[in-house]
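These are my notebook entries on a structure that I looked up. The sequence and the model come first, and the entries follow.

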Amino acid sequence: MTVKARVLSVIVIVAIAVIACLALFPLITLIVSSFRPSSDLMRNGITLSFSFRELNLDNYFHIFRQADHYWTWYGNSLIISALTIVLSLFFSSMVGYALAVYQFRGRNVIFILVLLILMVPFEILMLPLYRLMTFLGMIDSYIAVILPMVVAPVAVFFFRQYALGLPKELMEAARIDGCTEYGIFFRVMAPLMLPSFAAMAILQGLGSWNNFLWPLVVLRSNSMFTLPIGLSTLLTPYGNNYDVLIAGSVMTVLPIVILFLFFQRYFISGLTVGGVKG
Amino acid sequence: MEPASMPKQANVPLRKKRKRNLFFSKKVAPYVFVSPFVLSFLLLFFYPLLNGVIMSFQSILPGQTAFIGFSNYERVFNPTFYRALYNTSVYVLLTTILLVCVPIALACLLNSRMMKLSSVFRAALFVPALTSVIVAGVVFRLMFGESELSLANHLIGFFGIEPVGWRYGAVSGMFLMVILASWRWIGVNIVYFMAGLSNIPGELYEAAEIDGAGVLQKFYHITLPLLKPVTIYVVTLTVINGFRMYEESFVFWENSSPGNIGLTVVGYIYQQGFQMNNMGFGSAVGVVLMGIIFTISIIQLKFFGALKKE
């Protein structure tokens with residue numbers, strides 16, 4: 001490398017490093033602020049200057065000892081995310097797999113319907129879906145939050161792409177060995193699709209953990225709230241709950257960031273589903 | 001699953017077996033696999049979509065629903081809706097420009113041979129995508145507080161600018177929403193563009209270098225044209241996400257912003273449908289929004305020539 005190229009390379013790396021720090025900056029300030037007195041946050045917001053001596057664990061003590069409602073939201077979020085992952089992976093993988101490996105009448109129609117759902121924003125269906133949920137008596141329940149997410153078009157699309165690359169000879173071999181079509185899927189093909197399950201579990205889990213608008217619409221009582229809905233109720237200018245808000249925000253994000261550090265590959269392939277191949 | 005053989009059913013095994021075989025046959029299995037999708041499509045997509053269109057022609061009051069023709073649509077195009085549409089359009093325009101140009105530049109830098117630790121930086125830029133809008137909103141609301149001590153006001157103070165009431169002005173309010181969305185989405189788009197870049201054969205650059213092409217020439221004549229499919233995809237995604245936007249506004253103002261500076265089209269649907277209990281009118285706004293999104297998608301696809309390719 002010439003000297004000029006080396007200098008240029010250092011400049012580029014420093015520039016990217018600065019930008020990366022800027023991207024992480026809001027989360028770092030969030031974490032630092034969670035150790036500061038909540039009354040200060042309430043008065044001045046996040047400030048540039050603060051003394052290190054005022055940092056303490058009070059917000060966390062408070063949230064662990066006196067904020068039962070926060071843990072109720074946490075539990076709700078965990079249950080809803082877990083159910084969404086299990087159900088949506090089960091159903092979406094079956095659909096995606098069938099679209100990929102079988103020739104059957106109506107296959108193209110169904111694939112076009114999947115793409116159609118992908119194109120119509122959920123927000124447009126919000127009012128009629130809400131009426132449907134009211135009619136079914138499901139308002140303010142887990143099932144109301146989960147149901148519209150169960151067959152996820154993105155996941156169907158992803159599983160189909162993945163299953164297209166599976167060796168079809170295995171299916172024939174399994175058939176000769178007397179395996180039923182369902183056995184072929186559950187015992188032979190689904191295990192081969194494991195990486196796609198990991199990616200979609202993360203996508204669906206993250207989506208559900210962070211989902212806001214739909215739970216806001218169908219959840220009514222404080223004891224049913226998920227974390228984003230619960231935290232948003234604390235986000236008022238007159239709130240005296242900034243301790244729960246700030247420490248709670250950290251504990252909402254941190255588990256996800258830690259998971260990301262371990263399973264980066266799956267996060268990225270899951271979140272960037274789609275026709276990138278061009 | 002049915003029990004293999006019960007003594008009482010000894011005289012019907014043949015029919016049962018045939019039924020079983022049909023259920024397990026290669027002809028029927030795919031339909032069993034796709035049945036959950038078909039059911040959920042009908043119940044949770046097709047029916048609500050149809051119902052949404054029907055509702056937009058109705059006046060819906062508790063226990064009393066009546067068809068009122070086009071009168072919802074006649075009332076849709078009012079100043080508040082135009083304000084919402086204006087906000088949403090400005091937001092779409094700004095986020096699209098930011099979320100295409102900046103990620104392309106960063107992806108090229110991360111992908112270049114001069115880069116070290118590229119995956120570490122990519123990960124760092126991706127982390128904001130993991131936060132929920134609410135948590136991101138909490139941070140941004142606190143950073144851009146009204147107090148003159150708040151981080152943002154402190155920073156602009158270095159440049160001699162007076163403290164700003166960020167959430168109370170139309171321009172600064174729009175800035176807050178755009179910056180929040182851009183912060184959260186930039187990493188995802190970088191990953192898209194990096195995937196696109198890795199598909200460009202390296203020989204093209206080598207050939208260009210032999211012909212004496214500079215960095216910028218290579219960028220304009222090789223990188224940009226070959227990134228076109230990814231760019232179309234990212235633009236389409238960003239535009240549609242922009243028109244769906246509601247949460248970025250909610251975290252700053254809940255459901256009522258001063259002078260509707262934060263009102264978006266989806267926010268208007270929410271306000272009318274749930275807060276004013278005017279579901280018919282809200283549905284009409286929804287149908288109009290759907291029309292806008294479809295028109296834009298089609299224009300976009302035509303304009304970029306993606307329809308011809310497939």
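This is a predicted model: local features need pLDDT of at least 70, side-chain atom pairs count only at pLDDT 80 or more; totals for chains, interfaces and linings use all residues.

I looked up A:Ile258 and found it in helix H14 of chain A; helices here are DSSP runs of H or I with at least four residues, strands are runs of E with at least two, and both are numbered from the N terminus. A:Ile258 is partly exposed, with a relative accessible area of 45%. I take buried as under 20% relative accessible area, exposed as over 50% and partly exposed as in between, with a 1.4 Å probe and protein chains only. A:Ile258 belongs to a nonpolar surface patch of about 680 Å², together with A:Ile31, A:Leu254, A:Leu259, A:Leu261, A:Phe262 and A:Phe263. Helix H14 (residues 242–262) contributes the most to this patch, with five residues. Patches take residues with over 30% relative accessible area and no salt bridge, joining like charges within 9 Å and nonpolar side chains (Val, Leu, Ile, Met, Phe, Trp, Tyr) within 5 Å. A salt bridge is a side-chain nitrogen of Lys or Arg within 4 Å of a carboxyl oxygen of Asp or Glu. Areas follow the Shrake-Rupley method with a 1.4 Å probe, and for residues only the protein chains shown count as cover.

Residues are numbered from 1 along each chain as its sequence is written, chains are lettered from A and ligands numbered from 1 in the order in which they are written, and side-chain values use heavy atoms, leaving out hydrogens and water.

Most residues other than glycine have a negative phi. I noted that A:Asp140 has a positive phi of about 65°; A:Asp140 sits in the loop between helix H6 (122–135) and helix H7 (142–146) of chain A. A:Asp140 is partly exposed, at 23% relative accessibility. B:Leu117 likewise has a positive phi, of about 60°, and is exposed at 57% relative accessibility.

How many cavities of 30 Å³ or more does a search of the whole structure find? I recorded two. A cavity is a set of points, on a 1 Å grid over the protein atoms alone, where a 1.4 Å probe fits but cannot get out; a pocket is an open set with protein on both sides within 12 Å along at least five of seven lines, and lining residues have an atom within 4 Å of a point. A volume is the space filled by probe spheres set on the points, which are joined across faces, edges and corners.

The largest cavity holds about 80 Å³. Its lining has 13 residues, with B:Ser249, B:Glu254, B:Asn255, B:Gly262 and B:Leu263 nearest the centre. By class I found three nonpolar, nine polar and one charged; Ala, Val, Leu, Ile, Met, Phe, Trp, Tyr, Cys and Pro count as nonpolar, Asp, Glu, Lys and Arg as charged, and the others, Gly among them, as polar.

The second largest cavity has a volume of about 50 Å³. Its lining includes A:Ile124 and A:Pro128 as well as B:Pro48 and B:Met290.
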